[in-house]
Structures are given as structure tokens and as C-alpha cells.
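Welcome! Take a moment to turn the model around on your screen before reading on. Then use the notes below as a guided tour.

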Amino acid sequence: MRRLKKIFLKLHVLLLAVVCSCTSPVTPQPLPPQTNGARYLLLVAHGSGDTAADWPADVLQKLDTSLAHRELWDLVAYDWSDAAASKTSASKAGLRIGNYIGTKLASADYTYERIQLIGHSVGAFVIQGACDAYRKNGSGDTRIHLTFLDPFTGNGFIDWTYGKRRFGLGADFAEAYTNTDDPVPSTNGVLKKAHNFDVTALAPAALIGADRHWWPVYFYLESIDKEGSAYGYPLSLMATGDAAPAQQAQFPVGETTVLP
């Protein structure tokens, strides 16, 4: 009996440690104010282990020189690297960060007509959390477009299908670009609330192992100024605008398009 009590005590301590790691306080970085004249917002959220100064900055740099009517857009690479550092709590922290972003965007300080949110890996929780909060508190007229890049779908230690069930909810158009053969857990499945683009076959042979988790990011980045491309950013730009309903009808939620 005494030995059983010791075992239960250890299990209790371990459970507390897990709970504490998943519920640690999160201090979001302030959201930049809306620029005068800007009507649209594009915000990029990195995953765990990188920062806004990495690939999100590359996305913004390309868009800054190639985006038509650049003056109508605010471009934000959102840094939540401190909260994302712990892989055991990053998904829950991402939802809290996203709730902050979405709640702020729904306030009177922001009047964007269209919002595109891009997230890689566990950054998917940030953009979905932002969409959830905005739909709860903001204008129903605002178009929201979610772009998931090889999204990590596990929420905590138990719910490994959270993202598969929920990512894309509330968006006017939702898309996911995935690589299905990398060893990163919970990133190779199909999202039921977004259209899935399988870009596995297009990955360079030099990308092996966990590096293939980054291929959807590279694919999307390369598509920004790629003439004649029908997928990646060119599709995103159409879906963010008035063509969103038609695009979602052409690319139904829960289905997959395999890109050769």
C-alpha cells in the first residue's frame, strides 16, 4: 500500500508538471497599429524554434516588392518565439496568442476589410485562434483567409487530431499545403475544414528527414512572384478577395489536390 501511494504521488507530481508546462503565462507581443489607408492585412506566424526574422521576413520582403496596390496592405511578421519555444506547450500558447490577435483586430482600433493569416507548423494554432476570436468579437463582413503550411495538429499530450478537426473553421477560404512523408509527428494528415494541397512530390531530393517539414514553406515562398503559378500565393491572393466563395467551391474543404 505504501509503495502504491508513492507511485500515485509521483504520477500526481508528473501530471502537475505537464499541466504547468501547458498553462504557463503568455505575454503576447503588441500588434502593430493599422496604417492610414490600409484596408487589408496579411499576418504571418512562425512555428516553434524560429522567429519572425526568419522565413516570415522573407515572405514580407517578397510581397513588399511584388504585391499590387501595396499601399492597401499592412504586412506583419508576428513574433511569438518566446511562447513557442517549448514544444510541450506551444500549441496551447499559440491559441492564447491567437486569441489576443483576433480580439485586438476585432476592436475599434482596426477596420480591415480582408485578413489573411499564414501559419507554419504549430503557428497554425496562432492563426486559428485569431480567426476564432475575430469571428466571436468582430464584424461578420470581414473576409478571413487562412493558409496553413504543414500544420502541426496536436493540442497538448492527448488531442492529436485537434487541428484535423478544427483548422479552417470560420474562414471564408482555408487552404493547407502539406508534405506527407516527413517524420515530424502530427503534420502529415488531412484537414477537414480546409482544402489540402499535397506538395510532397515537388520537394527537392536534397530535403530529407525533418527538413521536409519546411518544404511547404519554401513552396509557398517561391510561389509569391512565380509567373503562371496557379497555386500557393497566387491562389491565396484570389481567395482573399471577392473570389473567395468561388475558390472554396472549386477547392472544397476536406478534400485534397495532389500537385505533381
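In which loop is glycine 254 found? Glycine 254 sits in the loop between α9 (244-250) and β7 (256-258). Keep in mind as you explore that this is a predicted model. The chain is built from nine helices and seven strands, and its radius of gyration of 19 Å is close to the 18 Å that the globule rule gives for 260 residues, so it is as compact as a globular protein of that length.

**The whole chain**

- Along its principal axes, the C-alpha trace spans about 70 × 45 × 35 Å.
- Of the 260 residues in the chain, 48% are buried.
- Take the contacts between residues at least 6 apart in sequence: 74% of them join residues at least 24 apart.

**Glycine 254 and its surroundings**

- With a relative accessibility of 35%, glycine 254 counts as partly exposed.
- Glycine 254 and lysine 192 are 62 residues apart in sequence, yet their C-alpha atoms are 4.0 Å apart in space.
- Leaving aside neighbours within four places in sequence, the contacts of glycine 254 are Val190, Leu191, Lys192, Ala194, His195 and Asn196.

**How α4 and α5 pack**

- Two packed helices are described by the angle between their axes and the distance between the axes.
- For helix α4 (residues 90-105) and helix α5 (residues 123-137), the angle is about 40 degrees and the axes are 6 Å apart.
- Angles under 35 degrees count as roughly parallel, and α4 and α5 are therefore oblique to each other.
- The crossing of these two helices, α4 and α5, is right-handed.
- On the α4 side, the contact is made by Ser91, Gly94, Leu95, Ile97, Gly98, Asn99, Ile101, Gly102, Thr103 and Leu105.
- On the α5 side, the partners are Phe125, Val126, Gly129, Ala130, Ala133, Tyr134 and Asn137.
- Sorted by class, the residues of the contact of α4 with α5 are nine nonpolar, eight polar and no charged.

**Helix α7 and the elements around it**

- How many of the nine residues of helix α7 (residues 215-223) are buried? Seven are, so helix α7 is largely enclosed by the rest of the structure.
- You can find the buried residues of α7 by looking for Trp215, Pro216, Val217, Phe219, Tyr220, Leu221 and Ser223.
- In α8, the buried residues are Tyr233, Pro234, Leu235, Ser236, Ala239 and Thr240.

**How α2 meets α7**

- The crossing in which α2 passes α7 is left-handed.
- From α2, the residues Trp55, Asp58, Val59 and Lys62 meet Val217, Leu221 and Glu222 of α7.
- The contact of α2 with α7 holds four nonpolar, no polar and three charged residues.

**Two serines with positive phi**

- Serine 121 has a phi near 55 degrees, a positive value in a residue other than glycine.
- Look for serine 121 in the loop between β3 and α5.
- Is serine 121 buried or exposed? Its relative accessibility is 10%, so serine 121 counts as buried.
- Serine 186 also has a positive phi, about 65 degrees, although it is not a glycine.
- The loop between β5 and β6 (195-198) is where you will find serine 186.
- At 17% relative accessibility, serine 186 counts as buried.

**Alanine 171**

- Alanine 171 lies in the loop between α6 (162-166) and β5.
- Not counting residues up to four places away in sequence, alanine 171 touches Cys131, Ile144 and Leu146.
- Alanine 171 and glutamine 29 are 142 residues apart in sequence, and from C-alpha to C-alpha they are 24 Å apart in space.

How values were computed
Residues numbered from 1 in each chain as written. Predicted model: local features only at pLDDT ≥ 70, side-chain atom pairs only at ≥ 80, totals over all residues. Heavy atoms only, no water. Axes fitted to C-alpha atoms, helices over the stretch in contact; angles between N-to-C directions. Helix = DSSP H or I, 4+ residues; strand = E, 2+ residues; numbered from the N terminus. Parallel < 35°, antiparallel > 145°, perpendicular 65-115°, else oblique. Left-handed = near helix turned anticlockwise from the far one by under 90°. Contact = heavy atoms within 4.5 Å. Nonpolar A, V, L, I, M, F, W, Y, C, P; charged D, E, K, R; others polar. Rg over C-alpha atoms; globule rule 2.2 N^0.38 Å. Buried < 20%, exposed > 50% of the residue type's maximum accessible area, 1.4 Å probe, protein only.
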